Amino acid sequence: MATNINIPPAATAKTTPQATTTTTAIATTPMTTTTTASTTPKKREKKDKPDQKYAPTLLLPKTEFPLRADAAVREHQFRQRCTTDLYAWQRENNQGELFVLHDGPPYANGHLHLGHALNKLLKDFVNRHKVMQGFKVDYRPGWDCHGLPIELKALAELKAGTDRSALSPTQVRAVAQATAQSAVDSQRQEFSSYGVMGDWTNGYKTMDKDFETRQLKVFYEMMNKGLIYRANKPVYWSPSSKTALAESELEYKEDHRSRSAWVAFSVDQPLDKLVSVLPPGSSLQAVVWTTTPWTLPANRCVAVHPKMNYTLFKSNTSSDPNTVYLAATDRMDEMKVRFTSPKVKAATDADSATAGVVFETLAQLLGQDLVGSRYQHPLTGEKSLPFIAADYVTSDSGSGLVHTAPGHGMDDFKACFPLGIEAFCPVDGNGMFTAEAGPDLEGLSVQTDGTVKVLEMLVTRGSLIQEQVYVHKYPYDWRTKKPVILRATSQWFANVGTIKEDALKAIELVRFVPEGARRRLEGFVLSRSEWCISRQRSWGVPIPVMYNVETDEPLLNRSSVQHVIDLVKEYGADVWWNLSTEELLAPEYKNDGNTYRKGTDTMDVWFDSGTSWTMIEDKMPRPELPFVADVYCEGSDQHRGWFQSSLLTSVALTGKAPFGTLISHGFLLDAKGIKQSKSLGNTVDPAVVINGGKNLVKEPAYGTDVLRLWAASSEYAKDIAIGSTILQQVAEGMRKFRTTARFMLGNLKGFKESEAVPYEELSRLDKFMLSEVYQFCKNVNAGYDELLFNKVYGQLQYFSSTTLSSFYLDVIKDTLYSDAETSPTRRGIQTVLFHVLTAFNKAIAPLAPHFAEEVYDHYRDCFSPDQQQPTVFRTGWMEFVPEEWNNTEVRGEFLVVKQLRTEVNQLLEQARAVKVIGPSLEAAVEIQVLSAAGEKEKENEKGGWSKVVELYAEDLTRLFITSEVKVTHHNSQQEAESNLSQDKQNKEEGVFVKVLTLFSDGGDDKSAAASTGPKCRLVVKKASLFKCPRCWTFTATTSDSLCGRCGPVVASLKL
């Protein structure tokens, strides 16, 4: 191309050349005359209607494809073939590699919500794209069936009057299993209504005995590797659920309110160094702060930082002048606040209140000088409890002395365990104090009246310095939404600290979408060293351990566990509760002289679902790959849940990640950006979106494809909004897709692929359109490959609305309707439409399969018989697009053509505004190429814009949608102005003029660019010929006669 036309690379082909313009509008009021066809009186046109005579000769679009989708009714006609039938066919017939998208099991509890729909649809987009690419896709939907919520729901559904506490574990399991199965059946039906393709008859359930068997085998292998152990240590405990919880089962409330306490611990056995700085006859009180006063009965020591400075001081607010207090030196300002009377603080401002508090500093010591001193318990009076050293103590908050209860805190436990200090926990599974807490506290709830009683006891004993309401972040049970506690119990753990590095290495090979999710998963893995896998419920997979009745020692070895696995394989996990302990024992332990009892703990449900990858490894092993499944896709909360549990178990057994690609999506918001919640009443039911609500005016039936397109249009990596307005916008987008498809279908009526015009014989306009198809397919491919479905949806919208409706389909109508049916030009356009529709339909098929099937049904006959398929999903992907369509030369030329079209349209609007013309067909355009002597030849040699104008001379009339476009060349601007002056002499017509100078690039030196190369003058005026009564172009030589094109066409019809 010539250097004076800027041709950007393909990716920016929409850029237009810059131009400077000089516009002159010469307009007079149009006169009515009987000698000019374009001024035929309107009354005559209305009366005679000459065009109606020729209406039957026009090739108007004909199709049975309806404009209205009526999706809720019509989609069912295509559901079976594009879901169940398609899945079975591709598994048998697709010749590509196996592609496994492993389904994260939704909880088998209740009906589905829009989050479920989003998740399943994203997976379906991936799978359908892969099927069309020829892969053999494996997708088996799964359900997580065990756990407390299902158990509680099952018990709640029992008949009134049933004594639930009297039910045996076997009875509880039976009702829970029935509840889970009912939910699975219901959810399967709902998922199917979303048009999700998969093996719905062979999905997996975590309560299936083959699943339970594989899960126990994972436990067995991890046990053999030394990764399973039992320990009495603090774990998150939910009093509301009465079970231990893993970190992944917690959610954090940011504004939890605690009744914290500043407590005086009496130091009754100070070390000599401490005694040496104390005044004679004084009593020493260590100031300790706790946000959980209910844990004070379990206090076993006080922790200090060995390198931190501590201050001994007296306070003028103390009732005993011989009392000396101890706190971190950096916390002395805080001490003044805490030694201020609450009444004084309430009556004055903070500065004034603390001003009355005066401290007398006696001495300073390092924390290591305090270690070994002993104190008296502030509640029980127990003596000789030690001060210990701990690096986790800071001066950021509190007093720098930390109340330590190893039975109620992990840091406490880790500090105390090496010192042999027991994890004392006087709290039961209901969150109540036991008898070990003392008669005053026994039976009280630690989180309510138990805390109140502890504070009262501190006041009675004179140990409470101050109570403070403390607002902070606190863990809650994610199921019951109630606060949890830390409680030491004997639990089973998986040691994940030893496989942490292997897990991090495995995910280095994983593709994350979005990429930022990699850091999230890495963070969770790094922060975890153990996993509490035992739960105190009946509905789950048993931890297959026996305990010696006399010693409480566990029996857990290869033989004992393998025996249970063999029984579960044959009878299912119920065997653990149905058989006696004797029957569950391996043969060699039945008469070994010991008496055993079977354990009652079940496995964490995350261990259940976290072993689901074994189904793939067992049924479809691919040892050559560095992962088990190709794709996992779930909500972003699963980084600490299913993603992590799957990763840890897979790495433990196989050494590789369970996923090659990890997709995570956000949560749902309403149209106002508020998180959807049943309690707020702002949720959207997928069934209502598809089938409509009670009021079909407010809640119309949009059908499945609109729901799917909403999911596709969403930027799913973030939280996603949905509401009536958003759905209306998506539905309007679908309506435009249907309109565009309907136009193309109507104009392909009777067309056969065998009649397609070869590429080299197409017009340059048609070649340009195919280059747009090439770019469209390239961009769509990129969107699917990048798993950015909103990018695909955006391409569909732009291609349909801008490239097609606003451009190509607009300029080809006249040819399609008015040319002879088999004219080369019309056949060329039909050829392009055939390719356009094929590309468009393939691109949208994974997102809106019912729509794509309906479109394909209406033009399947256009394909050669050997290419016709029963479903669009068996027609392949974008392989039909040849490289020759990537015509950069034509795309470069169209930068000029599109700019000329834009400039001409502006002049047409000016003419229309002053009523010189009505429709653009009433106009004629002249493009005057203004160049100095010899400049035209040089420009043509370079292939400049003037050459482009000549190449497209025959297409410009269609492109501008006018009746005439004439290209003229002038050796000087004066000659052109002379010609223009002749037009000005006719005062009865308006003439509109614009002068353009096209530049070679987007540089700033426009004056220099304007001085070189030819200029362009655009002239728009009223067409001089008569209106053809058939095609309505002003190209007839006499009134009421057919134009040179329509005459032969009508004659050939022999009407």
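Is Glu732 buried, partly exposed or exposed, and at what relative accessibility? Glu732 counts as partly exposed, at 32% relative accessibility, where buried means under 20% relative accessible area, exposed over 50% and partly exposed in between (1.4 Å probe, protein chains only).

1. Basis of the note. This is a predicted model, in which local features need pLDDT of at least 70, side-chain atom pairs count only at pLDDT 80 or more, and totals for chains, interfaces and linings use all residues. Residues are numbered from 1 along each chain as its sequence is written, and side-chain values use heavy atoms, with hydrogens and water left out.

2. A salt bridge within one helix. Glu732 pairs with Arg735, the closest N and O atoms being 2.7 Å apart; a salt bridge here is a side-chain nitrogen of Lys or Arg within 4 Å of a carboxyl oxygen of Asp or Glu. The two residues are three apart in helix H25 (residues 724-747), and are therefore separated by about one helical turn. Helices (H or I, at least four residues) and strands (E, at least two) are DSSP runs, numbered from the N terminus. Arg735 is also partly exposed, with a relative accessible area of 39%.

3. Asp124 in helix H5 and Arg708 in helix H24 (residues 704-713) are 584 residues apart, yet their closest N and O atoms are 2.7 Å apart. Asp124 is buried at 1% relative accessibility, and Arg708 is buried at 0%. A second pair joins Lys233 and Glu530, with closest N and O atoms 2.5 Å apart. Lys233 lies in strand S6 (residues 228-238) and Glu530 in strand S20 (residues 530-532), so this pair ties together parts that are 297 residues apart in sequence. Lys233 counts as buried, at 9% relative accessibility.

4. Totals and a network. The whole structure contains 44 salt bridges. Arg81, Glu853, Asp857 and Arg860 are linked in a network of such bridges.

5. Cysteines. There are zero disulfides, a disulfide being a pair of cysteine sulfur atoms within 2.5 Å. The sulfur of Cys416 has its closest cysteine sulfur in Cys301, 3.5 Å away, which is too far for a bond. Cys1028 is in no disulfide either, the nearest cysteine sulfur, that of Cys1031, being 3.7 Å away. Cys416 is buried at a relative accessible area of 0%, and Cys1028 is likewise buried at 0%.

6. The largest pocket. Its volume is about 2,000 Å³. On a 1 Å grid over the protein atoms alone, a cavity is a set of points where a 1.4 Å probe fits but cannot get out, and a pocket is an open set with protein on both sides within 12 Å along at least five of seven lines; lining residues have an atom within 4 Å of a point. The pocket is lined by 49 residues, with His113, His116, Trp478, Asp637 and Phe667 nearest its centre. Helix H5 gives the most to this lining, with six residues. The lining divides into 18 nonpolar, 20 polar and eleven charged residues.

7. Of the 13 residues lining the largest cavity, Gly147, Leu148, Arg535, Arg537 and Val605 are the closest to its centre. Strand S7 (243-245) and strand S25 (602-603) are the elements that give two or more residues to this lining.

Technical notes
Grid points are joined across faces, edges and corners, and a volume is the space filled by probe spheres set on the points. Ala, Val, Leu, Ile, Met, Phe, Trp, Tyr, Cys and Pro count as nonpolar, Asp, Glu, Lys and Arg as charged, and the others, Gly among them, as polar.
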